[in-house]
Amino acid sequence: WQRCMKLGLQPQDPVHFDAVSDQQMRRTMDANQRLVQTAKPILESLGRAIVNTRYFAILTNADGVVVDVSGSIDHADPRARLITRIGADLSERSLGTTAIGAALTELQPVWLHRGEHFFCATSAYSCAGAPVFGPDGQCVGMLDLTGIDAVERPELKHLVTQSASKIENALVMAQAHR
C-alpha cells in the first residue's frame, strides 16, 4: 500500500481497468508470443485443475498487461470481464496493490484476499500470483489465479508457484539446444 500512496493513490479512488492502445497491444503480443505459446498448455491444464474453485488463471507480461487467460471465467460478471480482457493493464500503477502488481514488483509469489487489495473497488478479488522468469533470469511476466467473491484459498499460492515454474522450465526447453 505504501507504494500506492507514494503514487498519490487513495483506496476510495475509482478504478478504470484500462486496456492498452491497439498499437501497444500489437507490440505486446508480438514481444510475448513465445511466452504465450509456451504457457498455453500449462494454462489450459491449470484451468482444468481449478475449474470447481471459482478461480481462473491470468498470464501477464512483465508490465502487468494481460496476454492470456484460462479457466472457468464467468463472462456475465463485469468484474471478471474487466480483468480477463487481453490487453488489460493490471499493473500496480493502474490497479494498486494486487497479486499481479505485487508479484511483478517484489519478484516473489504472493497471496492477497479481498480487502488486502489497495482499492475498495478491487476488494471482491482474491488472488495468488507468481512471477515468471525467462531463461536469462529476467522476469518475463507473471501468472495469477483470481477468484471473485470466492472462498479464501491461500493454498493456491503454492499451485500458482508450481505452474509458474513449469512455464519457466518450458521456456528453457523451447530454447535452441547447444
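Student: Before anything else, what are the helices and strands here, by definition?

Tutor: Helices (H or I, at least four residues) and strands (E, at least two) are DSSP runs, numbered from the N terminus. Residues are numbered from 1 along each chain as its sequence is written. This is a predicted model, where local features need pLDDT of at least 70, side-chain atom pairs count only at pLDDT 80 or more, and totals for chains, interfaces and linings use all residues; side-chain values use heavy atoms, with hydrogens and water left out.

Student: OK. How many helices and strands does the protein chain have?

Tutor: Seven helices and five strands.

Student: What pattern do they follow along the sequence?

Tutor: The protein chain reads α-α-α-β-β-α-α-α-β-β-β-α.

Student: What share of the residues is buried?

Tutor: Buried residues make up 49% of the 178. Buried means under 20% relative accessible area, exposed over 50%, and partly exposed in between (1.4 Å probe, protein chains only).

Student: And what share of the contacts joins residues 24 or more positions apart?

Tutor: For contacts with a separation of 6 or more, 63%. Contact means heavy atoms within 4.5 Å.

Student: Let's go inside. Which residues have the most contacts in the largest nonpolar core?

Tutor: Phe56, Ile83 and Leu90, in a core of 27 residues. A nonpolar core is a set of buried Ala, Val, Leu, Ile, Met, Phe, Trp, Tyr and Cys residues joined through side-chain atoms within 4.5 Å.

Student: Which elements supply at least two residues each?

Tutor: β1 (55-61), α4 (78-83), α6 (99-106), β3 (110-113), β4 (125-133) and β5 (139-148). α6 gives the most to this core, with five residues.

Student: Where is the other core, and who is in it?

Tutor: It lies apart from the largest one and has 23 residues, among them Val36, Tyr55, Ala150 and Ala164.

Student: Back to leucine 90. What is it in contact with?

Tutor: Leaving aside neighbours within four places in sequence, Ile58, Gly64, Val66, Ile83, Leu95, Thr98, Ile100 and Gly101.

Student: Now alanine 130. Where does it lie?

Tutor: In strand β4. Alanine 130 counts as buried because its relative accessibility is 1%. Beyond four places in sequence, alanine 130 touches Ala103, Pro109, Met142, Leu143, Val160, Thr161 and Ala164.

Student: How far is alanine 130 from leucine 46?

Tutor: They are 84 residues apart in sequence and 14 Å apart in space, C-alpha to C-alpha.

Student: What about serine 163, buried or exposed?

Tutor: Serine 163 is buried, because its relative accessible area is 5%. Serine 163 lies in helix α7 (residues 156-173). Past its neighbours within four places, serine 163 is in contact with Ile42, Leu46 and Leu143.

Student: Why does leucine 107 count as partly exposed?

Tutor: Because its relative accessibility is 41%.
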